[in-house]
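Thanks for making time for this. I will go through one structure from the group's list, and you can follow along on the screen.

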Amino acid sequence: MSRNVTVTVNQSEHTCEVEPRLLLVHLLRENLGLTGTNIGCDTSQCGSCTVLMDGQAVKSCTVLAVQADEANITTIEGLAQEGELHPLQESFWEKHGLQCGFCTPGMIMTAHDLLSRNPDPTDTEIRHGLDGNLCRCTGYHNIVTAIQAAASSIRS
Amino acid sequence: MATRIFGSSIKRREDPKLITGEAQYLEDIQLHGMVHAAVLRSPYAHANIRSINVEEAKAVDGVIGVFTGKDFEELPALPCAWQAGGVDNNANTPRVLEIERVTFTGAAVAVVVAENRYIAQDAVGLIEVDYEPLPVVVDAEEASQKGAPQLHENAPGNICMDWACGQEEGTEAALEEADVVVKQRIKNQRLIPTPLEPRGAIAQYSPASEEYTVWMTSQAPHVMRLLMTAFVFGIPETKMRVISPHVGGGFGSKIFLYPEYCLVAALAKKVGRPIKWMETRGENYVATTHGRDHISDIEVGVKRDGTVTALKVKTYANLGGILSTIAPGIPTTLYGRMLSGVYKIPNIYCQVLGVYTNTAMVDAYRGAGRPEATYLVERVMDLVANELKMDPSELRRKNFIPADAFPYEPADDILAGLKYDSGNYEAVLDRALEVTDYKAFRQEQEKARESGRYLGVGFSSYIEVCGVAPSAWVGVGGQGWGAGLWESANVRVHLTGQVVVTTGTQPHGQGHETTVAQVVADELGIPFEDVIVQHSDTLGTPFGYGTYGSRSAAVGAVAVYNSLQRIKDKAKLIGAHMLEASIDDVIYEDGKVHVKGAPTESKTIQEIAGQAALAYDLPEGMEAFLDDTAYYDPPNCTFPFGTHMCMVEVDRHTGQVDIQRYVAVDDVGRVINPMIVDGQVHGGIAQGVAQALWEHGVYDESGQLVSGSLLDYAIPKASFLPSFELDRTETPSPVNPLGVKGAGEAGTIASTPAVVNAVMDALSPLGITHIDMPLTAERVWQAVQQNGNGG
């Protein structure tokens with residue numbers, strides 16, 4: 001019943017034997033020990049588990065590990081390069097775009113996807129772009145500010 | 001004097017771990033040999049449990065054990081730690097697993113322990129429970145009427161407590177004499193706190209030392225240890241260590257002792273392996289506490305000139321099927337006693353019936369009692385303004401407690417002897433009027449109405465109470481809180497001059513590691529980087545009551561400050577000794593002890609700390625080390641205030657409410673870190689706006705939670721909300737030496753009535769004066785239709 005899944009996560013390749021029903025988020029968290037990706041709901045609403053799969057933001061609670069076979073995954077742990085924070089990480093810190101931090105990895109990965117498609121978004125476009133990610137602490141005010149700051153930093 | 005960082009928006013030192021995924025939340029913790037628990041919950045809101053068959057579940061490969069309430073019969077029901085003061089409380093609290101009867105959908109009745117979560121969840125589905133369903137009641141007023149289903153033998157009429165404050169007779173007489181009396185029924189709907197991280201616990205038991213270690217998603221680890229050891233397990237506190245790892249938001253719902261925390265600890269001993277239990281969001285919605293859920297009838301008496309003379313309130317407070325840890329204290333002390341608001345109301349009376357219903361436990365949710373009080377008072381002000389055709393800002397101004405009246409004792413002993421500490425209510429109103437250009441808005445509104453557009457502006461001039469204390473006032477002999485409410489801190493200056501502060505409070509997003517370090521760095525005159533703040537582990541931190549009620553600065557940081565004063569006193573003694581000067585001739589300034597008038601003859605705090613730690617040459621009889629623990633019990637609470645204004649446009653054809661502007665002018669006393677305070681206000685406003693417009697915890701008649709998931713319960717998305725405009729005044733609190741008041745809940749308390757008042761203002765040409773929340777498009781549209789002008 002078990003299957004082998006090969007995934008490249010944050011540039012490292014892993015092959016794991018998994019139950020077909022195993023969720024990608026559990027593969028990341030429990031098989032690979034990458035606990036930066038969080039689980040906040042059971043209905044694909046909260047977006048805390050958002051990761052990049054082949055460059056696109058997906059909710060890893062809604063992807064089976066077997067569906068990710070041969071995929072290239074980036075999680076929050078893989079965003080900083082050679083010890084340098086990604087501009088989104090820098091701007092979330094700088095602009096106080098997080099409080100409890102639980103939604104933050106998912107927020108940042110979604111923002112990453114958003115900015116890759118729209119490098120110069122309006123506030124309204126950012127707000128709509130975040131509709132799949134919930135935050136209960138910040139009222140989104142500083143998240144929007146942080147994403148604008150990161151967009152500006154990436155553009156320059 | 002060196003530059004102070006108290007008052008600076010320095011970046012949070014918490015964040016590097018949080019933005020890189022390194023931070024460990026409860027679910028991230030893995031222990032060697034750990035197994036997983038999953039809980040079976042009642043699908044019925046009210047039922048007798050006839051029998052439970054666990055055989056099939058036990059037979060599943062990978063299941064280690066299946067347990068029911070009978071396996072934990074020796075453990076008593078959980079304690080209710082805050083019963084309403086001065087009255088009988090017919091308390092009923094949950095057991096670790098219910099044995100005979102359930103009183104709400106989601107009550108825990110059995111548990112599976114298995115090698116992994118998937119197997120545990122599979123096996124939960126195979127447990128068979130034979131229930132005998134009983135009649136159900138979910139509405140607090142209905143539950144209190146004759147003939148309603150009865151939930152508990154010791155609570156006739158489902159009444160947990162019948163509590164009152166103020167003066168009934170005087171208030172009745174003042175209502176008789178009033179020129180105008182306005183009456184209104186106002187509902188404050190049930191909310192579901194919804195921190196992004198659900199609850200969970202991990203427990204490990206050592207047979208050799210008979211010690212438990214329990215990790216839990218808690219806002220108050222010391223209190224959890226106390227309640228679990230002393231009241232549930234009957235063991236000394238020393239036999240348990242409780243740790244809150246990174247906690248993903250709480251908003252009150254993670255203050256309480258829940259059955260599952262005790263269950264997991266008991267299972268760790270029974271099974272002999274470390275156990276993790278993490279609730280799903282679905283479980284979080286049915287089994288974690290809810291908030292609010294009041295039905296109130298108000299009568300307010302006024303003179304023709306707008307002077308409010310009397311306020312009478314009767315409230316049915318829904319407490320749920322069984323009591324959570326501090327449930328009765330919320331709709332009494334933290335609600336009734338705040339009903340004077342920012343106004344000099346000479347006659348007040350409030351009766352609160354705390355009622356059991358077949359719903360989830362109701363307890364503190366961000367603001368906890370104060371949002372309910374503020375919502376009533378601020379709706380009342382608008383109802384009165386509308387009745388008297390007065391401008392709502394002028395009516396408020398007319399009734400404000402004047403700035404020279406502080407400390408102010410609200411009428412009719414409604415605050416039970418305490419006084420509002422400081423305030424300047426006109427200043428925040430004036431600032432808000434200025435920022436919004438109120439006069440211009442009224443002109444714009446007039447013009448818009450002519451073209452069939454409905455703009456509205458809403459005010460909320462609020463007060464709240466933070467740093468709830470003193471212990472003697474709030475405690476069992478007074479307001480019924482079954483403990484003290486002081487707070488603690490230990491400051492230790494190590495040999496190298498590095499400072500470690502441990503606190504009894506527990507941050508879960510508020511940034512204590514940063515703000516407390518700001519206080520310490522300034523007081524000692526040392527670099528911010530040299531201060532480390534540790535917390536959230538009963539091993540290594542002094543006992544503290546935890547973080548809620550916006551108390552971590554107003555009580556917790558003051559304990560730190562008091563410790564620092566004693567550290568400085570001792571440093572002066574050592575410094576004087578090192579300088580061969582008299583103690584009377586030295587002062588502590590900018591991180592040094594120096595001889596008065598001779599700043600170069602000095603010893604730095606680092607040199608002194610080294611001397612104190614090595615103890616080669618200390619004053620005669622002095623103990624080594626700079627180390628001090630303070631326990632601070634404030635003489636009074638603190639009372640932040642402000643005025644929020646919301647501008648909306650309502651589409652009368654669809655009922656849609658569009659927030660065009662939101663302006664908040666808050667006064668939370670002195671501000672340690674403005675960026676963090678702004679963040680707290682933003683998040684608070686979002687939660688309060690959400691109550692006004694979208695969120696509603698709804699039970700159907702059979703007691704099923706129909707808003708039981710994030711699909712059905714509308715916490716706001718980014719696109720629902722505008723950006724917020726913040727401003728503030730700073731009126732220091734005289735209660736504590738830092739002058740701080742508290743900022744965690746102000747936004748939530750203030751914003752709800754501002755939004756509702758704005759919508760009512762928009763709809764006033766249609767003769768609509770009140771719609772109960774949430775003001776969804778459907779509700780607004782229906783009100784417009786029913787009003788007769790809707791065509």
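What is the mean pLDDT of chain B, and what share of its residues reach 70 or more? This is a predicted model, and the mean for chain B is 97, with 99% of its residues at 70 or more. For the complex as a whole, the predictor gives an ipTM of 0.98 and a pTM of 0.97.

Let me start with chain A. Chain A has 5 helices and 5 strands. Reading from the N terminus, the order is β-β-α-β-β-β-α-α-α-α. Along the principal axes, the C-alpha trace of chain A spans about 50 × 35 × 25 Å. Does the radius of gyration of chain A agree or disagree with that of a compact globule? For 156 residues such a globule would have a radius near 15 Å, and chain A has 15 Å, so the two agree.

Of those 156 residues, 56% count as buried. The accessible surface of chain A is about 6,100 Å², and carbon and sulfur atoms account for 44% of it. If we take the contacts in chain A between residues at least 6 apart in sequence, 57% join residues at least 24 apart.

There is one backbone detail in chain A to point out. A:Asn10 sits in the loop between β1 (3-9) and β2 (12-18) of chain A. Its phi is near 50°, a positive value in a residue other than glycine. For context, most residues other than glycine have a negative phi, and most peptide bonds are trans.

Now to one helix of chain A, α5, which covers residues 141-155. At 1.5 Å a residue, its 15 residues should span 21 Å, and the end C-alpha atoms are 22 Å apart, which agrees. Which residues of α5(A) are buried? They are A:His141, A:Asn142, A:Ile143, A:Val144, A:Ala146, A:Ile147, A:Ala150 and A:Ala151. What covers these buried residues includes three helices of chain A, namely α2 (87-94), α3 (104-117) and α4 (123-129). The cover also includes α17 (674-693) of chain B.

That brings us to the interface. How many residues does each chain bring to the contact? Chain B brings 54 residues and chain A brings 47. The size of an interface is often given as the accessible area lost when the parts come together. Here the two chains bury about 4,400 Å² between them, and 55% of that is on carbon and sulfur atoms. On the chain B side, B:Ile19, B:Tyr118 and B:Leu196 supply 18% of the area that chain B buries against chain A, more than any other three residues.

Next, chain B by itself. The secondary structure of chain B comes to 19 helices and 26 strands. Its C-alpha atoms fill a box of roughly 90 × 75 × 50 Å along the principal axes. A compact globule of 791 residues would have a radius of gyration near 28 Å, and the 27 Å of chain B agrees with that.

Buried residues make up 65% of chain B. Chain B exposes about 26,400 Å², with 48% of it supplied by carbon and sulfur atoms. Among contacts in chain B with a separation of 6 or more, residues 24 or more positions apart account for 80%.

Chain B also has some backbone details. Which two residues are joined by a cis peptide bond with B:Pro407 in the pair? They are B:Phe406 and B:Pro407, with omega about -5°. B:Pro407 is in the loop between α10 (392-399) and α11 (425-436) of chain B. The peptide bond from B:Met773 to B:Pro774 is also cis, with omega near -5°. B:Pro774 lies in the loop between α18 (746-763) and α19 (777-786) of chain B.

On positive phi, B:Asp590 has a value of about 50° although it is not a glycine. B:Asp590 is in the loop between β20 (586-589) and β21 (592-595) of chain B. Is B:Asp590 buried or partly exposed? It is partly exposed, with a relative accessible area of 35%.

Last, helix α16 of chain B, residues 605-614. Its buried residues are B:Ile605, B:Ile608, B:Ala609, B:Gly610, B:Gln611 and B:Ala612. Just after α16(B), B:Ala615 takes a positive phi of about 60°.

Technical notes:
Residues numbered from 1 in each chain as written. Chains lettered and ligands numbered in written order. Predicted model: local features only at pLDDT ≥ 70, side-chain atom pairs only at ≥ 80, totals over all residues. Heavy atoms only, no water. pLDDT = per-residue confidence, 0-100. Helix = DSSP H or I, 4+ residues; strand = E, 2+ residues; numbered from the N terminus. Expected span 1.5 Å × (residues − 1). Buried < 20%, exposed > 50% of the residue type's maximum accessible area, 1.4 Å probe, protein only. Contact = heavy atoms within 4.5 Å. Rg over C-alpha atoms; globule rule 2.2 N^0.38 Å. Areas by Shrake-Rupley, 256 points an atom, 1.4 Å probe, with all protein chains shown as cover. Buried area = accessible area lost by both parts, 1.4 Å probe.
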